[in-house]
Amino acid sequence: MLLEDLQVILKVAEFRSITAAATNLDMRTATASAAVKRVESSLGVELFIRTTRQLRLSNAGEKYIPQCEQALLMLEQAKQNMKGELDIIDGDLRIALSSDLGRNLVMPWIDEFMATHSKVSLRANINDSNLDFYRDSVDLALRYGSPNDANLYGFKICNVPRLLCASKAYLAKHGMPKHPQDLASHNGLLYQLNNITYDVWEFYRGDEQYKIKMKGNRVSNDGELVHRWCVSGKGIGLKSCLDISSDLLAENVVHILPEYQTKATELWLIFPSRQSITPAARLLRDTLKQKTRNILLQLIEKGIVDKSVLN
């Protein structure tokens with residue numbers, strides 16, 4: 001009985017679908033179906049009850065699958081422990097990244113990482129859509145916001161203030177806002193996710209709080225495009241300090257209303273299971289922490305963000 005066949009069995013049990021399991025494992029449905037048949041033939045029992053509409057575990061499957069899962073987890077953990085002791089960094093990094101952060105910062109960092117660790121391969125999923133680990137076939141995701149699913153595992157990379165920014169050309173033409181309420185007369189560059197347009201921007205100063213309903217002639221579900229509009233003088237954008245860091249440091253854009261804060265977020269590296277936290281993934285986590293810290297230190301030195309961001 002092949003270990004690869006048992007992995008297929010676990011995925012079929014997880015998804016209750018041979019087709020979905022095959023998609024997740026990047027194989028043809030016929031290949032996954034053949035693996036199921038081989039395991040069932042070896043055991044002499046049917047693990048799944050198949051109908052035209054659904055697939056469910058048989059009585060034998062309900063007993064076998066949990067024990068099979070534990071056995072494979074032990075084998076995988078033993079392999080990862082061995083690699084860790086031997087300092088072996090290899091394997092396939094299937095990572096999901098947001099569009100702006102992924103393309104402009106993280107991909108160059110991963111290129112450096114892979115140049116140092118030549119046995120690591122990459123599959124990058126770059127988009128701003130909500131992530132489904134099983135549908136999207138990824139093993140780790142770098143995302144803004146802490147995970148709200150107790151079944152996921154995550155490592156916080158850093159704190160990330162969000163900053164109000166515009167180009168000097170835009171401000172020369174339309175004027176510098178002095179107060180959050182002044183923003184209502186400016187062109188907001190708006191971000192949309194899952195058909196929700198984030199056009200209410202919140203600001204804080206001490207006990208004061210302001211909610212500004214922004215208007216704008218440009219909306220996108222791609223954070224990188226909002227970034228480009230901001231740099232090219234199309235309006236005012238509310239961006240992660242990491243996403244916009246290179247343009248802030250190069251003075252291509254200006255931090256507006258620095259005395260008012262917006263709600264900060266956090267950057268997390270998220271995994272669907274402990275099994276996904278490989279030595280390569282751990283080392284990448286450490287690399288991401290160091291790289292983002294270096295950027296935050298530069299922003300602190302320029303007076304763009306407060307040193308408390310490192311806490």
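Reader: Is Asn195 buried or exposed?
Author: This is a predicted model, and Asn195 sits in the loop between strand S8 (187-193) and strand S9 (196-198). A residue counts as exposed when its relative accessible area is over 50%. Asn195 has a relative accessible area of 73%, so Asn195 is exposed.

Reader: What is the phi of Asn195?
Author: Most residues other than glycine have a negative phi. Asn195 is not a glycine, yet its phi is positive, at about 65 degrees.

Reader: Where is Arg16, and how does Arg16 count by relative accessibility?
Author: Arg16 is placed in the loop between H1 and helix H2 (18-24). Its phi is positive too, near 55 degrees, and Arg16 is a residue other than glycine. With 42% relative accessibility, Arg16 counts as partly exposed.

Reader: How are H1 and H3 oriented where they pack?
Author: Helix H1 (residues 3-15) packs with helix H3 (residues 29-43) at an angle of about 105 degrees, and their axes are 9 Å apart. Angles of 65 to 115 degrees count as roughly perpendicular. Therefore H1 is, relative to H3, roughly perpendicular.

Reader: Which classes of residue make the contact of H1 with H3?
Author: H1 brings Asp5, Leu6, Val8, Ile9 and Val12, while H3 brings Ala32, Ala35, Val36, Arg38 and Val39. Sorted by class, the contact of H1 with H3 has no polar residues, two charged and eight nonpolar.

Reader: Which residues does Leu142 touch?
Author: Residues up to four places away in sequence are not counted here. Among those that Leu142 touches are Leu101, Val106, Ile157, Trp268 and Leu288.

Reader: How many residues are in the other core?
Author: This other core lies apart from the 42-residue one. Its members include Ile9, Leu10, Val39 and Phe48, and the count is 20 residues.

Reader: How far apart do the C-alpha centres of domain 1 and domain 3 lie?
Author: The protein chain is divided into three parts: domain 1 (3-83), domain 2 (91-158 + 266-310) and domain 3 (162-263). Between the C-alpha centres of domain 1 and domain 3, the distance is 49 Å.

Conventions
Residues are numbered from 1 along each chain as its sequence is written. This is a predicted model: local features need pLDDT of at least 70, side-chain atom pairs count only at pLDDT 80 or more; totals for chains, interfaces and linings use all residues. Side-chain values use heavy atoms; hydrogens and water are left out. Axes are lines fitted to C-alpha atoms, for helices over the stretch in contact, and angles run from 0 to 180 degrees between N-to-C directions. Helices (H or I, at least four residues) and strands (E, at least two) are DSSP runs, numbered from the N terminus. Angles under 35 degrees count as roughly parallel, over 145 as roughly antiparallel, 65 to 115 as roughly perpendicular and the rest as oblique. Contact means heavy atoms within 4.5 Å. Ala, Val, Leu, Ile, Met, Phe, Trp, Tyr, Cys and Pro count as nonpolar, Asp, Glu, Lys and Arg as charged, and the others, Gly among them, as polar. Domain bounds come from an automatic or database domain assignment. Buried means under 20% relative accessible area, exposed over 50%, partly exposed in between (1.4 Å probe, protein chains only). A nonpolar core is a set of buried Ala, Val, Leu, Ile, Met, Phe, Trp, Tyr and Cys residues joined through side-chain atoms within 4.5 Å.
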